[in-house]
Amino acid sequence: MFSFCGWIGNESEGVDDRRAVLRRMAERMPVPPGEETTFLAETACGVAASGRAMSVHRERGLIAVLGGRFRYADRTLETEARSRGPAAALVSGYGRFGDRVLDFLEGAFALAVLAEDGSEALLAVDRIGGRCPLRFRAQGGTLVFATNAAALLVHPAGAAEIDPQAIYDYLYFHVTPAPRSVHRGVRQLGPAELVRFREGESSVRPYWHARYRDDDRVRVQDLCDEFRGILRGSVERAASGRDVGCFLSGGTDSSTVAGILGEITGRPAKTYSIGFEAEGFDEMEYAREAVSRFGTEHHESYITPRDVVRIVPEVAGAYDEPFGNASAIPTHFCALMARRDGVDLLLGGDGGDEIFAGNQRYATQHVFELYKRVPEPLRAVLIEPVVMGLPGGDRLPPLRKIRSYIRQAKTPMPDRMETYNHLERAGVENVLARGFLDRVDPTEPHRLLAEVYHGAQAVTLLNRMLALDMKFTIADSDLPKVSRMCELAGLDVAYPFLDDEMVEFALRVPARLKLRGFKLRWFMKHALRDFLPEKILTKKKHGFGLPFGLWLRDDAGLRELARDSLHSIERRRLLRPGYVDDLLRRHDSEHATYYGVMIWVLMMLELWLRAHEPGWEAG
């Protein structure tokens with residue numbers, strides 16, 4: 001855990017004023033109990049930093065701050081980091097390589113390098129993103145930056161109002177995807193992005209790209225052996241020197257990490273699971289299967305609707321941006337359980353699905369792609385006129401399914417993946433107030449998705465989808481979810497499947513081995529066939545979802561909180577009049593889980609606004 005904030009430029013203010021502003025910024029940083037804050041302020045720049053995972057150094061007219069769980073790939077820099085500190089090595093590397101010093105940093109990090117004379121600066125985050133947040137605002141020749149929004153907004157050049165477009169993007173994605181921030185003009189750094197500041201001007205660019213190479217020349221067994229070795233090394237590095245435990249959902253990823261951790265340490269791994277009394281959501285039986293196989297020191301707990309009502313306002317307010325991923329709740333309870341047990345680092349299995357194709361949508365989209373293999377004249381002249389033109393076809397279940405399949409198959413990627421998005425199915429004009437819609441661009445989410453999908457350095461449909469998920473699922477949602485909930489509980493988290501070496505390896509595994517026919521993550525399961533229990537290898541993907549929609553039907557306390565929140569946000573003139581009542585009615589009478597998602601997303605937005613911007617209105 002670490003935090004830093006600062007600025008460079010700002011020639012309009014006196015030195016004393018700038019130092020006072022820096023201290024006010026630092027007061028808004030989350031500083032762990034017992035930690036001190038380091039202040040370095042010059043005429044043209046200043047920085048404040050805190051946390052046990054933080055390194056600060058001043059030398060050669062430069063100030064460097066570097067935080068996270070990382071290592072240097074360059075032997076000289078790694079040696080210097082061990083002897084003089086990581087930030088000292090960063091100063092040396094920056095002097096030798098400039099921006100290319102980032103090529104030698106591996107792992108999770110956020111950093112800033114500032115010239116004391118105010119002439120230049122470098123900001124950057126790691127290749128994966130989402131683990132070490134960093135945001136900035138450039139205004140009037142000044143660059144203000146911070147690892148948390150509250151600190152940045154204190155600075156006169158960082159102050160900003162709520163951006164309506166970010167609210168729309170949140171309702172679409174259930175998070176605010178980088179680069180936009182919920183505050184107008186404030187930008188979040190995305191995966192592998194750097195900010196270069198020179199003489200009052202700022203520019204942003206990526207310093208690394210994921211290149212999917214599909215190397216078919218390598219033997220499968222050789223790939224399996226390499227995979228096992230890399231994973232063992234990434235778990236060993238992550239767990240080094242800490243009182244470590246593991247999230248254990250019972251899925252392939254978390255079970256694998258728990259098993260390897262026990263092998264490495266030579267003692268039972270501490271594992272932690274959260275369950276739900278709700279059919280289709282509870283995976284505790286699979287977690288216990290892993291416990292039995294690997295002999296872990298297991299801890300488990302079941303959470304209830306009452307637990308959610310109690311904790312959800314704190315969780316909503318803990319994020320810098322509105323955050324609607326409901327699995328943040330069980331993640332936080334799991335982290336609290338581990339912290340009470342004395343653990344100070346948890347290992348998560350996040351990322352395995354998104355680098356080795358473990359999500360059902362990959363197989364689903366492959367099914368739709370098969371339609372394109374039907375000769376176009378046959379589709380246009382025979383299939384579609386007959387299927388789509390038959391009167392009353394929507395009343396016949398088999399024909400209705402075929403029509404739906406054809407419609408989705410004809411929708412181009414990546415928009416086809418969003419056909420079940422609530423805003424798409426309901427229609428934005430039926431959800432949002434006209435005044436709010438006039439202030440936003442409803443096509444922006446499509447542009448963001450297309451930019452990543454078509455910009456991916458990949459050939460196959462599958463790898464383009466994996467690139468999408470590395471950005472929108474991993475960097476924008478899952479890693480902020482887990483990292484922030486662990487930080488709130490007072491412990492660190494690491495993700496062995498997202499170690500740089502593992503990600504680079506996954507980019508080389510052919511798409512045909514990741515998804516073999518319709519078998520999800522075939523390669524990974526093949527590589528682990530003698531390691532994991534058969535029951536875990538063959539289980540269906542569940543995830544770590546909260547049964548909110550089901551609980552909402554039956555629990556009075558949860559229902560009261562949701563209704564109060566939705567009617568409150570209705571008064572902010574964001575939603576079409578009558579939409580809330582319609583949404584609640586559909587939840588009660590049609591599909592509790594599906595409509596429960598949108599109720600949760602709106603509830604979390606209202607609770608976030610109460611904590612951060614209580615007076616905000618949409619129009």
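Asp 126 is buried, with a relative accessible area of 0%; here buried means under 20% relative accessible area, exposed over 50%, and partly exposed in between (1.4 Å probe, protein chains only). The structure is a predicted model, in which local features need pLDDT of at least 70 and side-chain atom pairs count only at pLDDT 80 or more, while totals for chains, interfaces and linings use all residues. Residues are numbered from 1 along each chain as its sequence is written, and side-chain values use heavy atoms, with hydrogens and water left out.

**Salt bridges**

Asp 126 forms a salt bridge with Arg 131, a term that requires a side-chain nitrogen of Lys or Arg within 4 Å of a carboxyl oxygen of Asp or Glu. Arg 131 counts as buried at 13% relative accessibility. The structure holds 54 salt bridges, and the table lists some of them.

| Salt bridge | Closest N and O atoms |
|---|---|
| Arg 131 and Asp 126 | 3.0 Å |
| Glu 78 and Arg 82 | 3.3 Å |
| Arg 447 and Glu 444 | 3.6 Å |

Glu 78 and Arg 82 both lie in helix α2 (residues 75-84), four residues apart, about one turn of the helix. Helices (H or I, at least four residues) and strands (E, at least two) are DSSP runs, numbered from the N terminus. Glu 78 counts as buried at 19% relative accessibility, whereas Arg 82 is exposed at 70%. Arg 447 and Glu 444 are both in helix α18 (residues 444-455), three residues apart, again about one turn of the helix. Of these two, Glu 444 is buried, with a relative accessible area of 7%, and Arg 447 is partly exposed, with 43%. Salt bridges with shared partners join Glu 444 and Arg 447 to Asp 163, Asp 169, Arg 180 and Glu 451 in one network.

**Strand pairing**

Strand β7 (residues 120-125) has five of its six residues buried, so it is largely enclosed by the rest of the structure. Strand β6 (residues 105-115) pairs with β7 in the antiparallel sense over five bridges, where pairing means that DSSP finds at least two bridges between two strands. Within this pair, Leu 111 stands opposite Ala 124 in β7. The two strands form a hairpin with four residues between them, and Gly 118 in the turn has a positive phi of about 80°. β7 also pairs with strand β11 (residues 193-198), in the antiparallel sense and over five bridges; Glu 120 has Arg 198 in β11 as its bridge partner.

Strand β13 (residues 244-247) pairs in the parallel sense with strand β16 (residues 345-347) over three bridges, and Cys 246 stands opposite Leu 347 in β16. Three bridges also join β13 to strand β14 (residues 270-276), and these strands run parallel. The bridge partner of Phe 247 in β14 is Tyr 272.

**Aromatic contacts**

A search of the whole structure finds 19 aromatic pairs. Rings of Phe, Tyr and Trp (its six-membered ring) pair if their centres lie within 6.5 Å; planes under 30 degrees apart count as stacked, over 60 as edge-to-face and the rest as tilted. The ring centres of Phe 294 and Phe 531 are 5.0 Å apart with their planes at 40°, so the pair is tilted. Phe 294 lies in helix α8 (residues 284-294) and Phe 531 in the loop between α22 (522-527) and α23 (534-537), so the pair ties together parts that are 237 residues apart in sequence. Phe 294 counts as buried at 19% relative accessibility, as does Phe 531 at 9%.

Tyr 371 and Tyr 405 form an edge-to-face pair, 5.8 Å centre to centre with 85° between the planes. This pair links Tyr 371, in the loop between α12 (360-370) and α13, with Tyr 405 in helix α14 (residues 397-410), 34 residues apart. Tyr 371 is buried at 6% relative accessible area, and Tyr 405 is partly exposed at 25%. The charged end of Arg 379 sits over the ring of Tyr 371, 5.4 Å from its centre; this contact requires NZ of Lys or CZ of Arg within 6 Å of the ring centre and within 35 degrees of the ring normal. Arg 516 lies over the face of Trp 522, at 4.2 Å from the ring centre. One aromatic cluster is formed by Phe 227, Phe 356, Phe 505 and Phe 523.
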